[in-house]
Amino acid sequence: MEFSLTEKQKMLKKITRQFAEEYIVPIARESDEKQELDDKVFQKMKEMNYFGGCIPEEYGGAGLHNDTIGFSIIIEEISRADAAWGITTAVHNGVAAYPIYKYGTEEQKQKFLIDLAKGNKIGAFCLTEANAGSDAGGVQLTAVKDGDEYILNGTKIFATSGGIAGTLLVVAKTGEKESRKQMTVFIVDNKTPGYSVGVKEDKMGVRASNTSELVFQDVRVPQENILGNPGEGFKMAMKILDFGRIGIAAQCVGLGQAALEASIKYANERVQFNQPIGRFQAIQWKIADMSCAIESARLFTFKAAYLHDIGSEFGIASSMAKLVASEAAMQAAHGAVQIHGGYGLMKAYPVERYFRDAKMGEIYEGTSEIQRLVIAANLLKKGA
Ligand SMILES: Cc1cc2nc3c(=O)[nH]c(=O)nc-3n(C[C@H](O)[C@H](O)[C@H](O)COP(=O)(O)OP(=O)(O)OC[C@H]3O[C@@H](n4cnc5c(N)ncnc54)[C@H](O)[C@@H]3O)c2cc1C
């Protein structure tokens, strides 16, 4: 078993950290307040090829499609600076661009993937609806075949980057019944007539990331835009999320790491009772527990990434990584606010943002309850 990063992965970490420190950290608070990602960072992200993270170079990507540990490192470092940029990059790559690379036809890759990899278009994954959250099989958005096209009608909610996305993966119901065997994934261009962006959510955390309602009214999509096979959309959506959760886990690791570092710095600087608070065992134990939680989350994330890259089954590992990492981030952010005392609640310190951002990780791409359900169901099915 090898625990050290490759030279390339070390370099990715170093370069991404420098980039994130220089461009993202200084404006993270402002972006959170404005609820908007910064344009200048956007351009730099394009130049750095972060939107093509896990796409092969032949489609304009950075070629980390078979180095998911390298990809996780990028997401971790970006999220250490701002979890809103972390989720935007993770979702774009993990559940929009990568699935087109993995399951798409050559024609679809030429048509959609190249622009996604270059960041000319942002990708979104649209599964959730008002009545289909954890129970993703309850999708009601319909796609009815009409000649060589399908006509989409319905509304998606909570789509990350929905309001800024140019290419959307939309999970629709293609049969009469609400059945997992009657769903299909469509690639939809945002310029298609009948498509519009609805409400932009005003959220507690990752506020700079766009989360939107998306409306489909007689949206005609050619059948060649089906990703995979008709009727296999539910299975495909679950596979897409298996990979996506590695990115979310990495996002949570980065956020937790930021909370830990802020806590160490503050514990060394803040003096009470004539000594830095870091000398008090109560603070030391918090820091130790936060550090252990984050390190185990990182290892879980790398393991899921490794299993993916060697072609092994990685779905349960990615569920475990997402569960452990989101709860580690929450623990670290909670500890960070406590260590900062009253200042931890003030906007002047980033830990109040970390706290709000961390809560989100326990919800999106499957809640902690759903991860536990999936992990336990798998174990029980296998037996002792
Ligand atoms: C910021 C943000 C970004 C998001 N981005 C996307 C995106 O890009 N694309 C997309 O499709 N969706 C996205 N989502 C949606 C997200 O995946 C769902 O919110 C999530 O899966 C939970 O669904 P729900 O909100 O409907 O909660 P519900 O399913 O209504 O759950 C409510 C509560 O009940 C629990 N619960 C539900 N069923 C069970 C069960 N069987 N056993 C035990 N407990 C259960 C849940 O764990 C939760 O605690 C996003 C959400 C947020 C907040």
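Modeller: In this predicted model, H7 meets H10 through Ile248, Gln251, Cys252, Leu255, Ala258, Ala259 and Ala262 on its own side, and through Val351, Tyr354, Asp357, Ala358 and Gly361 on the side of H10.

Biologist: Which classes do the residues of that contact of H7 with H10 divide into?

Modeller: The contact of H7 with H10 divides into nine nonpolar residues, two polar ones and one charged one.

Biologist: And at what angle do H7 and H10 pack?

Modeller: Helix H7, residues 233-269, packs against helix H10, residues 351-361, at an angle of about 155°, and their axes are 10 Å apart. Because angles over 145 degrees count as roughly antiparallel, H7 is roughly antiparallel to H10. The crossing of these two helices, H7 and H10, is left-handed.

Biologist: What about H5 and H6, which residues meet there?

Modeller: From H5, the residues are Ala96, Ala97, Ile100 and Tyr101, and they meet Gln108, Lys109, Phe112, Leu113, Leu116 and Ala117 in H6. By class, that contact of H5 with H6 has eight nonpolar residues, one polar and one charged.

Biologist: How far apart are the axes of H5 and H6, and what is the angle?

Modeller: The axes of helix H5 (residues 83-103) and helix H6 (residues 106-118) are 10 Å apart, and the two helices pack at an angle of about 145°. H5 passes H6 in a left-handed crossing.

Biologist: Let me zoom out, then. Which domains is the protein divided into?

Modeller: The division gives domain 1 at 7-122, domain 2 at 124-231 and domain 3 at 234-382. The C-alpha centres of domain 2 and domain 3 lie 29 Å apart.

Biologist: Now the ligand. Which residues come nearest?

Modeller: There are 22 residues around the ligand, and of these Gly133, Ser134, Thr160, Thr367 and Glu369 come nearest. The elements that give two or more residues to this shell are strand E1 (123-126), strand E3 (149-160) and helix H11 (368-382). By class, the shell around the ligand has 12 nonpolar, seven polar and three charged residues.

Biologist: So where does the ligand lie relative to the domains?

Modeller: The ligand lies between domain 2 and domain 3, because both of these domains give residues to the shell around it.

How values were computed:
Residues numbered from 1 in each chain as written. Predicted model: local features only at pLDDT ≥ 70, side-chain atom pairs only at ≥ 80, totals over all residues. Near = placed C-beta within 6 Å. Helix = DSSP H or I, 4+ residues; strand = E, 2+ residues; numbered from the N terminus. Nonpolar A, V, L, I, M, F, W, Y, C, P; charged D, E, K, R; others polar. Domains from an automatic or database assignment. Axes fitted to C-alpha atoms, helices over the stretch in contact; angles between N-to-C directions. Parallel < 35°, antiparallel > 145°, perpendicular 65-115°, else oblique. Left-handed = near helix turned anticlockwise from the far one by under 90°. Contact = placed C-beta atoms within 7 Å.
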